[in-house]
Amino acid sequence: MNNTVAAAWSRLEALDRPDLGQLFAAPDRLTTLSARLDLPGGAIRFDWSKTHLDAAHLSAFEDLAAAVGFSARRAAMIAGEAINATEGRAVEHTAQRGIGDPESVALAGAFHARMAALVRAIHAGALGEIRHLIHIGIGGSALGPALAIDALARDGALVDVQVVSNIDGCALEAAFARCDPAATLIAVASKTFTTTETMTNAASALDWLRDNGVADPYGRVVALTASPEKAVEWGVDETRVLPFSESVGGRYSLWSSIGFPVALALGWEDFAEFLDGAAAMDRHFLETDGAANLPLRAAFADLLYARLRHCQTRACFAYDERLRLLPSYLQQLEMESNGKRVKADGSPVDGPTAPITWGGVGTDAQHAVFQLLHQGTHVVPVDFIAAIAPGDELSPDHHRNLLANCFAQGAALMAGKSSDDPARAYPGDRPSATILLDDLNPATLGALIAFHEHRTFANAVLMEINAFDQFGVELGKEIAKAIVGGGASFDSSTEALLAEAGIR
Ligand code: F6P
């Protein structure tokens, strides 16, 4: 850590620690800590007033951002420089949304045009009657499409999409049970086109089509990949290979051809709005400096809890059934990006990195895990996410109660409640932030996801780590391959488990 960075952290460590009640005594608390962004699909409001951020923190974190060269790192990412140094790669998910190096933006536009043409051709019946898509992918090749479709296609998808990720055959069998093989298309989504789970599921999907009378199963496959030559070698006709660039990271790939199932389910126009919403957030992130930059401000709050107060987890509760998959999407985004123990220069990190990201959906979670949030020994910073416009057409009682519960939880965590009976006392002073959308639609969902991408990046820059590699996932994969391949021997516990399961 250089001296300026060390000095910024020391200043942060030395700040006073008023509780939330004291912080709310400041008359401008709400205006200082809340913000509203007007975006293509409606406004998104952000309220960090119920966190322990205050003017002193914002200023000290701004000094930290300056000390680590945040603006230059952000500019380098957007310019397409190889900021993922360990893999020698640029990081160009924003180029998929039209923001970045002009050549990369043009290439992404060309890939999108190819994808739009195929989506429209399928809708027009070029591949026969297609009512189902089985989308096979894992990690970043599945979580984003699953989230976007679950959130946005509830009123009826143009094509029914089943997302299958697990190598457990039960997952694929469940999808088969919901699909008519005569009217089913298979998308094989894999950046590398080598991932064991995806290739095993893809082979079984071809068998299923063949066994159910489809004469040319390969004719029903679309490949979504940054390795188009591997897809062609595997048997997919070049006309149905939708490429994307190597510089788009797996967990940032929803905007590329990995978003094909989203476009097929919603229609190309909605997918274009999704990209536009993300681009609006990109522009905010790129053009706004200091604590007014909302993803950066969110990272300030994250680090206040992770680094200064040693909170080991952070939770996201969506008070919106349509966002029930958001926590698992954020888990990969944040934990695979920032779950690191060395800095970008290879030296050990200076403190805790990504907290364990978890969460759920409100109000369900209130009746399951909120006990710990209110009275447990862990302090868990919480993000609440909700939309003002209801997603349902039932009695307004549903949505009024949903939002009332969302806001009540933040108020209760902060205020607490004293009682003579210790079991009935709430300590309070527990932090939360609220993100409130006017409406959940393709554009605001795009902006919400892009906000979290930039927040993750901002955290990484402030901690001086590389958010874009993920070597930690490799060792387990190698050992699994060695087990399946036979020959290698392991510790006595692993050997005994293999023998018991009949794998040896
Ligand atoms: O193993 C982790 C990982 O590489 C993720 O980063 C990625 O999203 C996922 O596997 C799937 O990879 P691919 O798209 O290459 O199949």
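Predicted model: local features only at pLDDT ≥ 70, side-chain atom pairs only at ≥ 80, totals over all residues.
1. Start with strands E8 and E9. E8 spans residues 313-318 and E9 spans residues 356-361. The two strands run parallel and share six bridges. Thr-313 has Ile-356 in E9 as its bridge partner. Between the strands, the chain passes through helix H14, residues 326-338. This β-α-β crossover is right-handed.

2. Next, the salt bridges. The model holds 30 of them. Side chains of opposite charge can pair when their charged atoms come close.

3. Look at Asp-282 and Arg-97. Their side chains form a salt bridge, with 2.7 Å from N to O. Asp-282 sits in helix H12 (residues 268-287), and Arg-97 sits in the loop between helices H5 and H6, so the pair ties together parts 185 residues apart in sequence. Asp-282 is buried, at 1% relative accessible area. Arg-97 is buried too, at 6%.

4. Arg-324 and Asp-150 make another salt bridge, with their closest N and O atoms 2.8 Å apart. Arg-324 belongs to the loop between E8 and H14, while Asp-150 belongs to helix H7 (residues 143-152), so this pair ties together parts 174 residues apart in sequence. Arg-324 is partly exposed, with a relative accessible area of 42%. Asp-150 counts as buried at 16%, because the cut-off for buried is under 20%.

5. Asp-350 pairs with Lys-343 in a salt bridge, the closest N and O atoms lying 2.9 Å apart. Asp-350 is partly exposed at 33% relative accessibility. Lys-343 is buried at 6%.

6. Finally, a network. Salt bridges link Asp-302, Arg-314, Glu-334, Asp-383 and Arg-455.

How values were computed:
Residues numbered from 1 in each chain as written. Heavy atoms only, no water. Pairing = 2+ DSSP bridges. Helix = DSSP H or I, 4+ residues; strand = E, 2+ residues; numbered from the N terminus. Right-handed = clockwise from strand over helix to strand, strands pointing away. Salt bridge = Lys/Arg side-chain N within 4 Å of Asp/Glu carboxyl O. Buried < 20%, exposed > 50% of the residue type's maximum accessible area, 1.4 Å probe, protein only.
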